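Subject: Structure for your review

Dear colleague,

Please find below the structure that I am handing over to you. My findings follow it.

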Amino acid sequence: MFCEQKKQKSHGYSILELSIYMALLVVVLTLAADLLFGFTRSRVKIEVSSEIQQNLRFASEEISRSIEQAKAIGSISGSNLTLTMPDTTSDPISFRLNNYVLEISKAGSAFAPLTTQPVKVTNLNFGAIANSTVRSVQVKITIESQNKSQSNQFTTVLRGK
Amino acid sequence: MKKSTGQLLIEALIALGVGTTIVVAVGQLVGISFRANLIGANQIPSSGLTQECLEAALSIKTENWANLYFPQGGSDPEAGKGLGNPYHPIVQSSGWRLAPGNETISLTGKNYTRNLMIENVSRTAQNGLGEIEEIYNQSRRDLGTIKITCTTSFLGGEIKEARFLTRHNQKVFSQSNWQGGPGQANWSDPTKYFADNGGVNVTGTPGSVLLAGSPGGGYISKNEFLTSSIYGINPMNNNRIKTSLRFSAQANKQVQRVGIYLQTVRNSPTYRIGLQADSTGNPSGTWLGATRRGYGSFRPTTTGWQTINLTEAVPLTAGTVYHLVIEYQSGSIGGSRYIDLRSSLPLNRLIPFNNASDQFANTLYYSGRNWQIRGRQPIYYLGYADSSLEGNPYDNLYNPINNNFTETPIYGSNFVGQSFVGLTGTLSKIEISVRKSRAQNPQGDLSVSLYNLTDSQLINSGVLVGRNVVTQTYAWYTYTLPSPVTLASAKTYLVYLSSPATTSARAYNISAAIANTPLVPITFLGNQSQLAWSTNSGLNFTLRPEADFSTIRLLSLGGYVTSGELISSSFDTGSQSGYLSILWTGDKPANTDILFQIATNDNNATWNFLGPDGTTSTYYNISATAIFSGASNHRYLRYRLLLTSDGQKTPRLDEIRINYVL
């Protein structure tokens, strides 16, 4: 009789155990869900930032390299820049802002985009700092995507001859 | 089967702990990723701003090196540089310029702080040669290179980048032909120059500059140690003031005692006097001697010569520049308690005994802040261990006619001259520097006579200068003997001046100088030459070894003038250039010298010729010498060439080169 009673006690959880277990499970599931949402949000942010940074870096390097190789400033006005290049195969090089896309044209070819969708170039400004001895171009650029934006400012001296 | 009836609570807690650990780890990974992304987002604009700063420095350097090399203006290459002097680039007048301090730039709502530092650079060799040194050494400063460091900082990090900027456009100015002669103000014909101030010969040896004259002759004897006035150097009336008598040693000997002449003595405190080496024209600040005690003390009570024994002997090297430095030691000093040393004018830059050139002779005065050149002839002597002497012993003018310390008048029965003994050679010309004492002309011409004192025989007499020719300032006049006179070393000769028809009111004046009796060995030719005068029209002459006629030359046929000077045309380097070094080729026989000074400016009009220490009293006398840094960053350049000789030989300049960078 005693043995039968002991066996009966080891069947399933007690109501107290079950309650504690359920409560812990709820806490764990809540944390996991929150983490999942946070992680997803961060991943989206990082992806957007990376997209902006890649575009900003690529555009800056392309513009800077072109200015450095140029031997003269053809024309410069706001978001438009035309450079006279020493190499006829790439002369002239022009940059412009067309519908939030930074575009480049080499040797009179059609303009091609330098930045990729969905990022938008919301500000592009070229400024000449030039006198009879030395010429440089100051560039200010802002790229935006999904309400995030980043800017860059740099100057490059023309070195082409 | 009966035992596997559900989990224990402890198992659930362990599972929960493991799960939480995983959650925290993943969370941290996400955080790091997010932070890395944030820093990456700042790096692009920081790099861009740093690159802009470096490009601005490059632009400034290309446009005008001086704007970068002298960031605060002026001409001190050390001013305004180093890590304690931040600048930032600004756009001004269509170009980049520097402004002091940091700047804050806001891009997309984030602030970036940017600055630029400028540091001097030295190399392993002088004149911009060799490799850049890790630790800056001012003595090997490269005037053509600087280090620029641009830093852009943001919340959580910074981008720093350094770049060496070099005035890479090094050029050489060279001239090796002067046959075109003078008259060219601006450099265009490489054979011409601007002016010669007499004494040079640019055609005798094509492509070279020589002293005027011809070989085969020279000076038999000369004394050009003019003494026209005496001055105190500066009252030493506070404990910071120092005085220096600068000189070039004439012998390799040990100095045991020194002598100076005190112009003023007022309740004197105790002063210290000793020898110091030269450091770029000024005293080094360290006493010479084996234990650095090459000095002595004195507390004078009377004016005149003061002899001071040094605590220990100081060995000198002939040709090396030294300073005899006097400074306060102890006792009360002030406006009524001080001394002042005597100096004389003009600055002859000669050693009186043999007229040897001493281009470094001068007096200097230390005000408590810096040394200043006084431009006066030092009066001093050095007493060597072998009892011989050296220095300038003439402490005053001497007028034997009136027996006072003024110029000497020649008129009526008062004849004045100089005796010589031990001279050999064939005397052809006599040159003497005199002046008239009044604006009115003297009544008679000035005659010069050559007299054999040993045999009481007048050899020749003639007019040195006509009464209508002589000027009121000292000028050299030449009398050419009708036939050359061969001098015998055993005979005493007398050269004297006379003008019997002239009255005292319109007398001719000459300058004679006097020394203390013990110093006669270092007066002009020592005892071999003495001042001579007669107050009875030459019936008899009095000779005095302590005194000498200041300006007299005896010449044999041929020979060279003792100095010649040439000023180059203005060389336009086209920009505010940096001047690195001066080099030349030629020949310098014994007792001759080739000396240069350099002047630079931006207006092609104001020419201030300076030596390697930046003063007018020094010269570039060694080829391949670094040019005084203050000459740099000016557009126009001229050089001044000074050739000197004892009259026996001439130096020869074949080519001058000046290294500069645009």
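In this predicted model, chain B contains an open sheet built from three strands, arranged in the order E29-E38-E41 with antiparallel pairing. Its edges are strand E29 (396-397) and strand E41 (547-549) of chain B, each of which pairs on one side only. Strand E38 of chain B covers residues 512-514 and runs antiparallel to E29(B), to which two bridges join it. Within this pairing, B:Leu397 has B:Ala513 of E38(B) standing opposite.

Turning to the nonpolar cores, the largest comprises 88 residues. The residues with the most contacts inside this core are B:Val258, B:Ile273, B:Ile410, B:Leu497 and B:Tyr508. In soluble globular proteins, nonpolar side chains tend to be buried together.

The surroundings of B:Ile273 may be of use to you. When neighbours within four places in sequence are left aside, B:Ile273 is in contact with B:Val258 and B:Ile260, with B:Tyr295, B:Gly296 and B:Phe298, and with B:Ile308, B:Leu324, B:Val325 and B:Ile326. Another core lies apart from the 88-residue one. This other core has 37 residues, including B:Ile582, B:Leu637, B:Leu642 and B:Ile658.

Chain A has two helices and eight strands. Along the sequence, these elements of chain A follow the pattern α-α-β-β-β-β-β-β-β-β. Of the 161 residues in chain A, 22% are buried. Among contacts in chain A with a separation of 6 or more, 43% are between residues 24 or more positions apart.

Chain A also holds an open sheet, with five strands in the order E1-E2-E3-E4-E5 and antiparallel pairing. Strand E1 (72-77) and strand E5 (112-113) of chain A are the edge strands, and each pairs on one side only. E1(A) is joined by five bridges to strand E2 of chain A, residues 80-84, and the two run antiparallel. In this pair, A:Ala72 stands opposite A:Thr84 of E2(A). Strands of a sheet pair through backbone hydrogen bonds, either parallel or antiparallel.

With kind regards

Methods:
Residues numbered from 1 in each chain as written. Chains lettered and ligands numbered in written order. Predicted model: local features only at pLDDT ≥ 70, side-chain atom pairs only at ≥ 80, totals over all residues. Core = buried A, V, L, I, M, F, W, Y, C linked by C-beta atoms within 7 Å. Buried ≥ 20, exposed ≤ 12 C-beta atoms within 10 Å, placed from the backbone. Contact = placed C-beta atoms within 7 Å. Pairing = 2+ DSSP bridges. Helix = DSSP H or I, 4+ residues; strand = E, 2+ residues; numbered from the N terminus.
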